[in-house]
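Biologist: I would like to go through this model feature by feature. Please give me the general idea each time, and then the case at hand.

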Amino acid sequence: MNIPHTRLLLALFAVPTFALAQDAVVRVDVSHAGEAVAGAIVRVGSSAASTGPAGRAALRVAPGTHDVVVRRLGFIPDSSVLTLRAGQDTTITITLGAPADEELLAGVIVSATRSGKRIADEAVRVEVLDREEIEEKVMMTPGDIAMLLNETAGLRVQTTSPSLGGAGVRIQGLGPRYTQILSDGLPLYGGQSGGLSLLQIPPVDLGRVEVIKGSASAMYGAQALGGVINLVSRRADDEATRELLLNRTSRGGTDATLFAAAPFGRRWSGSVLAGGHAQDRGDVDADGWADLPGYSRVVLRPRLFREGAGGSSLFLTGGFTGEDRRGGTVSGRTAPDGSPYVEALDTRRGDVGAVLRMPLRDGRRVFSARGSATLQQHAHTFGARREDDRHRTVFAEATYTLVGDRTATVLGLAYQHDDYINDDIALADFSYDAPALFAQTEVVAARWLTLSLAGRLDAHSEFGTSLSPRLSVLVRPFGTRGTLTDWTVRASAASGVFAPSLLTDESEVVGISQVVVNEPLRFERASTGALDIGGPLGPLEVNATLFASVVRDALQASDAPPAAPGEPPRLLLSQSSGTARTHGTELVARYLAEPWHVTTSWTWVDGTYWDEANAERRPTPLVPRHALGMVAMYEWEALGRIGLEFYYTGEQALEENPYRSESPAYVIVGALAERVVGPVRLFVNLENLTNTRQTATDPLLLPARGRGGRWTTDAWTELSGRTINGGVRWTF
């Protein structure tokens, strides 16, 4: 071997090795208001890295004097000067500032918009129901989330099937079928998640609820025309948590849930929810018809979480729900025609889902993927008629996020498959595939101005191609001294589509066999807009919203000729009735000063649709023009709490109701008390103290079978009347 050449090679390898040995490791801890900030970009010299879940980034830096610059979208950037000697490892802490409009929820990182930003910095308005609000509703209805959503401004849980208690959520007056319910961003409750899904989701294992109002088709496709409700899982704390809840109601309801969560290993944690729920059939007005359907239900949902290095994460979930539900005539009684009529629905639903997040390169690029599969099986009985069906949803999505100093851009691919098979009515079967491309970008154009633009291109196998855009703007006004005020102004405009099917709120009541369609279905198309202003007003946090929407080619229900002479009319679904219009106002005021928590809200909605048969525009049924609510809670730290609720609901237009064309206004009052004794919480909830009940005003039963053979009118208020429930929560 040539010795000089050998020495030269050794020298070449030794130079970088020696230089590496002289480098220093710089650890930068990034925080805000005492909380670690994940996803911040840290630059030291020519090196860059992003902070992980603990808010720390580590970089190898050459000796010398360097600027340490830290940026995170939604925070005020900060920097520091650092001088390093060879081999000197150093740890520094940098605290990021926040815009002046930071509020109580500003630290919440919302996931429904995919941007990973704090709620205060989102141009798209996202309302968050936090864990404290969920805790209150757990004591009221531990078996479902209906009350949690119904007591949120702009949302109304509407009973869609009085015989079985099915329910859907109207967002700002739009129909329940337009609302997409997600779990951690996944459609685990099916592509169309109305009906009984709301009544089968316990709130015990929820960490928060995120609500986007108005068309969200630009982000979530053709099932989110009216908005999105994203249920975010409750994560494990640093120590293991086990909680047992037992509840009993004065109407024969029983709930038992067990929630357990724990960390294990360095990065893994998990949780499991197991619940059993039951309700006796109840005939409150003694007319021989069940005002409260009876049911028995079991729920199981395990979850697994992994928080990796550099902000990576993995989430896995699975679930099973089994429920048998019964309504109709009770105790050997008969319907008005003299025959017994029992309605039943047995549900079996299983699902699996996964969410992966993986930062790339310097942390400014993030790859995310999510997917789920859901299978629902129903056995539905309408008296002597039976309909069995299967509904399957498969979903997959991949996104690539690029974060700059003043921008965040998301590019994505999505695919969703929905199919439905009815064992008894083959004409109702469908199988849809919907691949999609979407993109959204947020730009901090100035400290006081953020712009968000999103668009989605869907290629639906049945209804064709559609483009859904959304533009949102966030403005932080300046005060008299040239500084930003604590107020925010948000404006948004969007358009979107909805993929209709025969599975509507109306067909759920009577069954698919009673549905008639005389024309091919096509996309329902909507345009929505909103203007939102919020901020502090003395001790109050206030928010005002103006909203409007127009739905074209809206699927409407009307009478179809009966199948045979003497039979009731069938249900005709048609899109030739023109447009449905909605506009209104929301006002919300919150007083949060320990030990008081008081929230007051008022919603005014004016909804109309075009009635083709009578050639006139009519009010949308079951949409109150006025709704006023107040919740006041007083808490004693480590001792308990007491609360009072007051809700006023104004008149609602009614259809297919022989007793009246408009419902009367009504008031519902409730009270809650909780006492903490060590690890045990004892609670009692007094619901509907005014004993408001529809059957105290008019019968629920029709004198003769109505459209589709139904025996009941629509439910415009409570059917159960005054109810008391109480129980115990034991944390161990």
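Modeller: Take helix H2 (residues 131-140): eight of its ten residues are buried, so the helix is largely enclosed by the rest of the structure. Buried means under 20% relative accessible area, exposed over 50%, and partly exposed in between, with a 1.4 Å probe and protein chains only. Helices (H or I, at least four residues) and strands (E, at least two) are DSSP runs, numbered from the N terminus.

Biologist: Which are the buried residues of H2?

Modeller: They are Arg131, Ile134, Glu135, Glu136, Lys137, Val138, Met139 and Met140.

Biologist: What should I keep in mind about the source of these values?

Modeller: This is a predicted model, in which local features need pLDDT of at least 70 and side-chain atom pairs count only at pLDDT 80 or more, while totals for chains, interfaces and linings use all residues. Residues are numbered from 1 along each chain as its sequence is written, and side-chain values use heavy atoms, with hydrogens and water left out.

Biologist: How many helices and strands does the protein chain have?

Modeller: There are five helices and 40 strands. Of the 732 residues, 54% count as buried.

Biologist: What does the radius of gyration of the protein chain agree with?

Modeller: The radius is taken over C-alpha atoms, and the globule rule is 2.2 Å times the number of residues to the power 0.38. For 732 residues a compact globule would come near 27 Å, and the protein chain has 28 Å, which agrees. Along the principal axes, the C-alpha atoms fill a box of roughly 110 × 60 × 60 Å.

Biologist: How far apart in sequence are the residues that make contacts?

Modeller: Contact means heavy atoms within 4.5 Å. Among contacts between residues at least 6 apart in sequence, 63% join residues at least 24 apart. Gly643, in strand S37 (residues 640-649), gives a local case. Leaving aside neighbours within four places in sequence, Gly643 is in contact with Ala632, Met633, Gly670, Ala671 and Leu672. Gly643 and Glu136 are 507 residues apart in sequence, yet their C-alpha atoms are 9.1 Å apart in space; Glu136 is one of the buried residues of H2.

Biologist: Is Gly643 buried or exposed?

Modeller: Gly643 counts as buried because its relative accessibility is 14%. Ala445, in strand S24 (residues 430-446), has 43% and therefore counts as partly exposed.

Biologist: How do I read the two faces of a strand?

Modeller: In a regular strand the side chains alternate between the two faces of the sheet. In strand S11 (residues 166-171), six of six residues are buried.

Modeller: Strands of a sheet pair through backbone hydrogen bonds, either parallel or antiparallel. Two strands are taken to pair if DSSP finds at least two bridges between them. Six bridges join strand S10 (residues 155-161) to S11, and these strands run antiparallel. Arg156 stands opposite Arg170 in S11. The two strands form a hairpin with four residues between them, and Gly165 in the turn has a positive phi of about 80 degrees.

Biologist: What is the order of the open sheet of three strands?

Modeller: The order is S28-S32-S31, with mixed pairing. Strand S28 (515-516) and strand S31 (556-560) stand at the edges with a single partner strand each, so one side of each has no neighbour in the sheet. Two bridges join S28 to strand S32 (residues 570-574), and this pair runs parallel. Val516 has Leu572 as its bridge partner in S32.

Biologist: How should I read backbone angles that stand out?

Modeller: Most residues other than glycine have a negative phi, and most peptide bonds are trans. Gln172 is not a glycine, yet has a positive phi of about 50 degrees. Gln172 is found in the loop between S11 and strand S12 (179-183), and counts as buried because its relative accessibility is 10%. Asp553, also not a glycine, has a positive phi of about 55 degrees. Its place is the loop between strand S30 (540-552) and S31, and at 24% relative accessibility Asp553 counts as partly exposed.

Biologist: Where is the peptide bond that is cis?

Modeller: The bond from Glu594 to Pro595 is cis, with omega near 5 degrees. Pro595 is in the loop between strand S33 (579-593) and strand S34 (596-611).
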